[in-house]
Amino acid sequence: MLAGCSTPGDLKKNDPTISISSNKTSKQYALCVFPKWQEERSTSTISETEDGYRLIVATDMMTDEVLEIGRSGRGSKVALYQRMPWSKMAGRGVIHVFTNHLSTEIWTRVAASQGVPLDEGFTLELLLTSAGMLLVLSELNYRFIETPLRQRGAEIAQRKLRNETTPAPAVLDTEQLPLK
């Protein structure tokens with residue numbers, strides 16, 4: 001695994017993927033976005049912060065995305081932080097398994113052709129072959145799959161935000177936010 005145990009603070013060390021302003025209050029924005037995040041990832045959580053709200057998508061081992069929604073004038077400021085490229089994505093997990101199996105298959109055949117068993121004598125070869133394939137395939141995955149998908153998602157989000165109409169009238173909402 002190339003990265004793991006990432007926290008929301010780790011993601012916030014980098015610039016946000018998207019940073020926008022909204023005419024909605026931080027609470028309105030959070031209540032609008034959170035159900036959609038939960039539809040996509042049931043592990044999404046929301047918490048109230050000093051300045052607004054924080055939505056997090058995470059697994060047991062790492063944080064995938066953090067959406068910070070803070071107060072700003074008559075609306076809110078929103079920043080989306082996402083895990084960096086070389087961190088372990090779902091596609092990279094599949095690539096990791098594939099490269100390990102392919103490396104084992106290659107060196108099993110090489111060992112058989114030499115009439116020897118695949119044993120600890122092939123450890124370095126197995127590791128180097130698997131790591132080399134992992135780096136190349138992960139880079140291709142990042143350049144040709146992940147980056148275009150993230151850019152497309154950012155374009156869709158920006159387009160939806162630009163179409164946002166006049167701010168909704170302020171209404172006192174006594175309903176509690178769902179907190180996890």
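**Chat about a predicted model**

Modeller: This one is a predicted model, and its protein chain has four helices and five strands.

Colleague: What pattern does the protein chain follow along the sequence?

Modeller: Reading along the sequence, you get α-β-α-β-β-β-β-α-α.

Colleague: OK, and how much of the chain counts as buried?

Modeller: 31% of the 180 residues. The chain exposes about 11700 Å², with carbon and sulfur atoms supplying 59% of that area.

Colleague: What about contacts, say between residues at least 6 apart in sequence: what share joins residues at least 24 apart?

Modeller: That share is 58% in this chain.

Colleague: Let's go to the helices. How far does H2 reach?

Modeller: H2 covers residues 26-40, so 15 residues, and runs 21 Å from its first C-alpha to its last. The expected span at 1.5 Å a residue is 21 Å, and the helix is close to that.

Colleague: Which residues of H2 are buried?

Modeller: Ser26, Tyr29, Ala30, Val33, Phe34 and Trp37.

Colleague: Switching to strands. In which sense do S2 and S3 pair, parallel or antiparallel?

Modeller: Antiparallel, over four bridges, with S2 at residues 45-48 and S3 at residues 52-58.

Colleague: And what joins S2 to S3?

Modeller: A hairpin does, and it goes through three residues.

Colleague: Which residue in S3 is the bridge partner of Ile46?

Modeller: That's Leu55. As a general point, side chains in a regular strand alternate between the two faces of the sheet.

Colleague: New topic: the surface. Which residues make the nonpolar patch?

Modeller: Val136, Leu140, Phe144, Ile145 and Leu149 make a nonpolar surface patch of about 520 Å².

Colleague: Where is Phe144 placed?

Modeller: Phe144 sits in helix H4, which spans residues 123-162.

Colleague: Is Phe144 buried or exposed, and why?

Modeller: Phe144 counts as exposed because its relative accessibility is 60%, and the cut-off for exposed is over 50%.

Colleague: Last one, Gly121. Where is that found?

Modeller: Gly121 is in the loop between helix H3 (90-113) and H4.

Colleague: Buried or exposed, and why?

Modeller: Gly121 is exposed, because its relative accessible area is 53%, with that cut-off again at over 50%.

Colleague: How far apart are Gly121 and Ala111 in sequence and in space?

Modeller: In sequence they are 10 residues apart, and their C-alpha atoms lie 10.0 Å apart in space.

Methods
Residues are numbered from 1 along each chain as its sequence is written. This is a predicted model: local features need pLDDT of at least 70, side-chain atom pairs count only at pLDDT 80 or more; totals for chains, interfaces and linings use all residues. Side-chain values use heavy atoms; hydrogens and water are left out. Patches are made of residues with over 30% relative accessible area and no salt bridge: like charges are joined within 9 Å, nonpolar side chains (Val, Leu, Ile, Met, Phe, Trp, Tyr) within 5 Å. Accessible areas come from the Shrake-Rupley method with a 1.4 Å probe; for residues, only the protein chains shown count as cover. A salt bridge is a side-chain nitrogen of Lys or Arg within 4 Å of a carboxyl oxygen of Asp or Glu. Helices (H or I, at least four residues) and strands (E, at least two) are DSSP runs, numbered from the N terminus. Buried means under 20% relative accessible area, exposed over 50%, partly exposed in between (1.4 Å probe, protein chains only). Two strands pair if DSSP finds at least two bridges between them. Contact means heavy atoms within 4.5 Å.
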